[in-house]
Amino acid sequence: MALNAASHNPTGTKTGPVSGQPPPLSDDVKSAILAAADSDPTGENAAGQDGGDKNGEQKEKSERELAKERQKAEKTAKLAAKQQKQKAMAAASQPKQKEKKKEQEKLAPYKEETPKGEKKILKPLDDEYHKAYIPSVVESAWYDWWEKEGFHQPDFAEDGNVKKPGYFVISIPPPNVTGALHIGHALATSLQDAMIRWNRMKGLTVLYVPGCDHAGISTQSVVENMLYNRRNGLTRHDLGREKFVETVWEWKEDYHIKINKVLRRMGGSMDWTREGFTMSPTLSAAVRQTFVQLHDEGLIYRANRLVNWCTKLTTALSNLEVDQKELEGSTKIDVPGYDKKIEFGSIWNFKYPIDGTDETIEVATTRPETMLGDSGVAVHPDDERYKHLIGKKVKHPFVDRLLPIFGDDTVEKDFGTGAVKITPAHDFNDFKRGKEHNLEFINILNDDGTMNEHAGQFKGHKRFDVRYTVIAELEKLGLYVGKANNKMSIPLCSKSKDVIEPVLKPQWWMHMKPLAEPAIEAVESGAIKLKPETAERQYFRWMKGIDDWCLSRQLWWGHQVPAYYVKMKDGPAYDAEADYWICAQSEEEARERAQKKFPGKEFELERDPDCLDTWFSSALWPFSTLGWPEQTHDLEKLYPTSVLETGWDILFFWVARMIMFGLKMTDKVPFTEVYCHSLIRDSEGRKMSKSLGNVIDPVDIMDGITLGELTDKLKVGNLAPKEIERAAKWQKSAFPDGIDECGADALRFSLINYTTGGGDINFDVKVMRSYRNFCNKIYQATKFVLGNLPADYTPPAKGGKTGKESLPERWILHKLNYAAKRVNDTLAAREFAQSTQATYNYWLYELCDVYIENSKSIIRDGTEEEKKSAIDTLYTALDGALTMIHPFMPFLTEELWQRLPRRQGDKTRSIVLAAYPEYDASMDDPKSERDYELLLGCSKGIRSLLQEYSVKEEGKAFVQPLNDEAYRTASAESAAIKSLSGKYLASVNILKPDESIPAGCAVYPVSSAAAVYLELKGKVDPEIEIKKVMPKMAKAADAVRKQEELIHSLGERAAEEVKQKEQEHLKSLLSEQRAYEESMARFEAMKL
């Protein structure tokens, strides 16, 4: 009955002031209520009767009442227990994790107490910073110690030669010294360092050469912008060349330090005592010697030819530095230096008046402004329309110039008007015609893209402004005809996105075909292997159609060309004749050469102010960083280098040129293998670009960053407000909670695991987070093992078998052995994703999930001999796991390995120098693998059935082995099967292979060797069980069909090992299908 909510007073009595006095009850109503309360055992006590008469006779309860009370008490207890369990589970789930995370976030930033360069002081694992895995704590101090101890320097044999297993060298693709490293650099560093660390642990003499590229155009452009923006419009010309170069060196030092800091943070085991820089004294000497030698041999020459000119950067570019933008028709695009978009993809027609007549001739152009540099009109000699005009001249409407009309067989009569305007100084096709017909070469452009004195009235105007004014002026003269859409490609500078102008300039060029031929042969012969195969096909296609290389760049930052022009009083003007150039490594040498060439002449030397293309010095990188042109010990013992790991996008810029220069200058290939990694894209598949704001800084992944901080970084760059808004929106969708601290190990492992050798990589930070969890699993598993090792434990001197191992021990040692073989084989084949998967599977699914879990009972309950054997095996399995994964996760493995006791006689100071696990035939034990996996499969099947049918007590299971070996194993290990199946299983019976299955059992097919069954208690409804089995049976049949198709598709080229593995899988699927069919038949029989 209802009570007064505030007071809970008995009905009719006065209440306190909380809810106020209720309305008074009449005597009749009060009596009726109290009478009802007296007659109802669950009702409310009347006033003064709460306990009844203490001295009165107690009423004895009936057996039925007592049973009912007991049942009620049991229910209440069960409910309370259930609620308590739910409460505990809820507390242990997400809210607790969040609370724990909050607690962890409350920790003050970790302060490393180890002095810089000293071996790390290891804190107890129950320390508040070491209870859980915190990347910044684990990864601190180790790198400084590795570097100080020289662990990353090549270890030669006592006689100065490389060690017996050989040597392994990687020269880092030098990052541009222009700014921060991005996730692509992190990928490259992860792959390179994994190979380096693996080979070092295998006992080779190993060198990982670090260094940076001076990046001529990019660096000069960045510093010029910095000067302009920060120093009130200051230009390099205001400073002068010497002071400007000094400024760039200062700027370079700051960024150089930042780059190296990130490479160290990533764990890259470079030898910093051998660091290279493309403008260091050693590498500069290599550049000068190469240029002078190749010039002396006639491979480098001076020529006044058309170059790709970028008016924004005011320098020439090679063809590789020019992108082609395809247009379907009239399109307006942004061009640097213009407020409005400029029209491209159209063809404009206009007429030239024939000099001395009233006739005109109609021509067409996609670049109207270039008509100011026209010096002729070509027609086909057999074109009847123009035969009478050949030999005559047209009058230029804007400059005082007559242009000859001439016949040329290459003109297409049916294309356009059949008459072609010729601009030899500004068009690659016209250049050739101009040479053949001895036309005048008229340059109309200044270096900044404005018109020069040859443009007449348009002098000083910007080139694309002139595009429109020329048309307007032609219209005024009645010479303009019209325009139409024109499908074409526009050449753009890959750095500035400016429209490239072909401009006639005297430059230094290199003949490439003589260098390309031996470079092609080196790959065709297998002296150099390119991976993947697509890279090889691209390499051949480019090398076989290679053009001469324009080496000159109009820069101040870079290697100034070692060429001097001989200026005589009675000689030609500066740069008028190529024969007056002298190439030498110094001005003194140039003077000696000039005196020999022009004996008795008075002269002055003027050095070419231009610099060489950055890729010229980069092409010397593999051997110049080892000391060339000096014959150093490193060059003698460690060249050719072993592997070049790089992105496919610089295959032609850099890789091909290194091969050509290496063969030419050293007579050896620069490396024996090239591995081209994939391009990293963002989570939406877009190429990472500063303009999109989706470039990811690896430091943000390693250290963690909030969403707000990520957005703030966008505002620091040069993005427009709209681009910032777009990029911020993408960041919010990609990183709604920012980026958690993942550490270097998780980042490295993720990136290597992404590398399948296939297409581009779509980056997802959630993958990094999952591998951070994997690091935590490794950390906690090692903590467990360390906690179970006796305080005075010393591992055996060797890690092999003693013959006393239990089945689980033999199994894990076999799995360790197989994993070692798999990782070694896949790393050797550069199948990086497979190598990380092999280590991941061993750690997670074999060591942690199975052996560590199953060893707990042996360590707890076994005999002393069994305990010792289990602990020795646990040590071997863990030690092997840590060394195996070290190339991928250097910091975590060092932190944990240093806490393990060392084997007798093992003086290894660091895991960096520890021996890598190798395949050992004596540890191979396929029978133990079959036996133990039969036990695991059976126990897993029984647990699954117990869960599916909600059996919580007295579970009864049957195991039916399907062959004699499985029967013997299951019979011998039936106790282990029961133990592994969990507490709800009361008994397990091993049936003979031909023994019939008891009625009313559910089935779980284990493999081609066994199936398990669970006896279903109570009345079994065959209809319900048939409905459960049918989809499982259909799924099994579908799996069999697909597996048969897969085997059929393998073909003869597939390895026997692969075929055998797939056949075994088919056998298991067929057994599964058969088990469900037989189960269906038994339930069908029950219906009868």
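The following conversation asks how several descriptions of this predicted model are reached.

Trainee: What kind of model is this, and how are its residues numbered?

Mentor: This is a predicted model, in which local features need pLDDT of at least 70 and side-chain atom pairs count only at pLDDT 80 or more, while totals for chains, interfaces and linings use all residues. Residues are numbered from 1 along each chain as its sequence is written, and side-chain values use heavy atoms, with hydrogens and water left out.

Trainee: What is the average pLDDT of the protein, and which stretches are below 50?

Mentor: The pLDDT is the predictor's confidence in each residue, from 0 to 100; the protein averages 88, and 89% of the residues score at least 70. Over residues 1-26 the pLDDT is below 50, and this stretch has 25 contacts beyond near neighbours in sequence, a contact being heavy atoms within 4.5 Å. Residues 28-58 also have a pLDDT below 50, with 15 such contacts in the model. Where pLDDT is low, the predicted coordinates should not be read in detail.

Trainee: How many helices and strands does the protein have, and what share of its residues is buried?

Mentor: There are 33 helices and 33 strands, which are DSSP runs numbered from the N terminus (helices are H or I with at least four residues, strands are E with at least two). Of the 1088 residues, 49% are buried, where buried means under 20% relative accessible area, exposed means over 50%, and partly exposed lies in between (1.4 Å probe, protein chains only).

Trainee: How do you know that the span of helix α13 is close to what is expected?

Mentor: The expected span is 1.5 Å times one less than the number of residues; α13, at residues 513-524, has 12 residues and reaches 16 Å from its first C-alpha to its last, which is close to the expected 16 Å.

Trainee: Which residues of α13 are buried, and what puts them on the same side?

Mentor: The buried residues are Leu515, Ala516, Ala519, Ile520, Ala522 and Val523. They cover an arc of only 155 degrees around the axis, and therefore they lie on the same side of α13; the arc is that of the directions from the helix axis to the C-beta atoms. On the other side, Glu517 and Glu524 are exposed. The buried residues of α13 pack against β18, β19, α14 and α19.

Trainee: Why is the pair of phenylalanine 616 and phenylalanine 661 called edge-to-face?

Mentor: Rings of Phe, Tyr and Trp (its six-membered ring) pair if their centres lie within 6.5 Å, and planes under 30 degrees apart count as stacked, over 60 as edge-to-face and the rest as tilted. These two rings are 5.3 Å apart centre to centre, with 85 degrees between the planes, and because that angle is over 60 the pair is edge-to-face. Phenylalanine 616 lies in helix α16 and phenylalanine 661 in helix α19, so the pair ties together parts that are 45 residues apart in sequence. Phenylalanine 616 is buried at a relative accessible area of 0%, and phenylalanine 661 is buried at 1%.

Trainee: What makes tyrosine 840 buried and tyrosine 845 partly exposed?

Mentor: Tyrosine 840 has 17% relative accessibility, which is under 20%, so it counts as buried. Tyrosine 845 has 46%, which lies between 20% and 50%, so it counts as partly exposed.

Trainee: How do you know that lysine 340 lies over the face of tyrosine 468?

Mentor: A charge sits over a ring if NZ of Lys or CZ of Arg is within 6 Å of the ring centre and within 35 degrees of the ring normal; lysine 340 is at 4.7 Å from the ring centre of tyrosine 468. Lysine 462 likewise lies over the face of tyrosine 338, at 4.4 Å from the ring centre.

Trainee: What is the omega of the peptide bond from lysine 531 to proline 532, and where is proline 532?

Mentor: Omega is near -5 degrees and the bond is cis, while proline 532 is in the loop between β19 and α14. Most residues other than glycine have a negative phi, and most peptide bonds are trans.

Trainee: What makes serine 950 exposed?

Mentor: Its relative accessible area is 53%, which is over 50%, so serine 950 is exposed. Serine 950 lies in the loop between α29 and β30, and its phi is near 50 degrees, a positive value in a residue other than glycine.
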